[in-house]
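Trainee: I would like a close look at one strand and the strands around it. Please take me through the pairing step by step.

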Amino acid sequence: MACPGEENCDDIGSSIRIDGLIKLIPEKKVYKKSDTITLKLTIPVVNNYFGNQLNINNVIDGNSPKLTMIGFKQLSKDNRLEFISGNQGEFDNWLILDNDESEGNYKLEILIILDRIGFYSIVSDDYIIFNGKSDCNEYLIATNIEWSEYGIIEFTVEE
């Protein structure tokens, strides 16, 4: 309940969990230094993720969606990044998705050139946030990286 003229910030129904929306390809246990892996995420602008068909463009008022990715700092540390679509957000683990209007998708694609040798262990429990037209109108998708082991991505980069 809210007072007259105030917004009710009870956003129940505006969050969902959909596993495996983030791709990290190719999936290997061992990479060589200078190998390139690709981090990809695609979200249809019009989807049924929240129960009913929703055009996200109609509720976000021009705000770009962002991926908050817990393990991105570990994945990007001492490696080279090339953003094909999307860009770096305000913080190390914030990634901004592009709106590809021709395909009707929000997209993020990053080439990661593996320069750091060693063992990588990344926990993937990530969130895509769509900020709405007001402070209380937020849509959230909890997701993770699609990988053979659920939730934890482990690999080695060798010389």
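Mentor: Two strands count as paired if DSSP finds at least two bridges between them. The model is a predicted one, and the part to look at is strand β12, residues 105–113. Of its 9 residues, 7 are buried, so β12 is largely enclosed by the rest of the structure.

Take its partners in turn. Strand β4, residues 36–44, runs antiparallel to β12 and is joined to it by 9 bridges. In this pairing Pro44 stands opposite Asn105 of β12. Strand β8, residues 80–85, is also antiparallel to β12, with 5 bridges; here Glu82 stands opposite Leu111. Strand β11, residues 98–100, pairs with β12 in the antiparallel sense over 3 bridges, and Asp98 is found opposite Lys107. β11 and β12 form a hairpin with 4 residues between the strands, in which Gly104 has a positive phi near 75°.

The side chains can be followed from Leu39. Leaving aside neighbours within four places in sequence, the contacts of Leu39 include Leu108, Glu109, Ile110 and Ile112, and β12 spans residues 105–113. Leu39 also touches Ile22, Lys23, Leu24, Met69, Phe72, Leu75 and Leu95. The largest nonpolar core has 36 residues, and Leu39 is among those with the most contacts inside it, along with Leu41, Ile43, Leu67, Leu75, Phe130 and Phe155.

Technical notes: Residues numbered from 1 in each chain as written. Predicted model: local features only at pLDDT ≥ 70, side-chain atom pairs only at ≥ 80, totals over all residues. Heavy atoms only, no water. Core = buried A, V, L, I, M, F, W, Y, C linked by side-chain atoms within 4.5 Å. Buried < 20%, exposed > 50% of the residue type's maximum accessible area, 1.4 Å probe, protein only. Contact = heavy atoms within 4.5 Å. Helix = DSSP H or I, 4+ residues; strand = E, 2+ residues; numbered from the N terminus.
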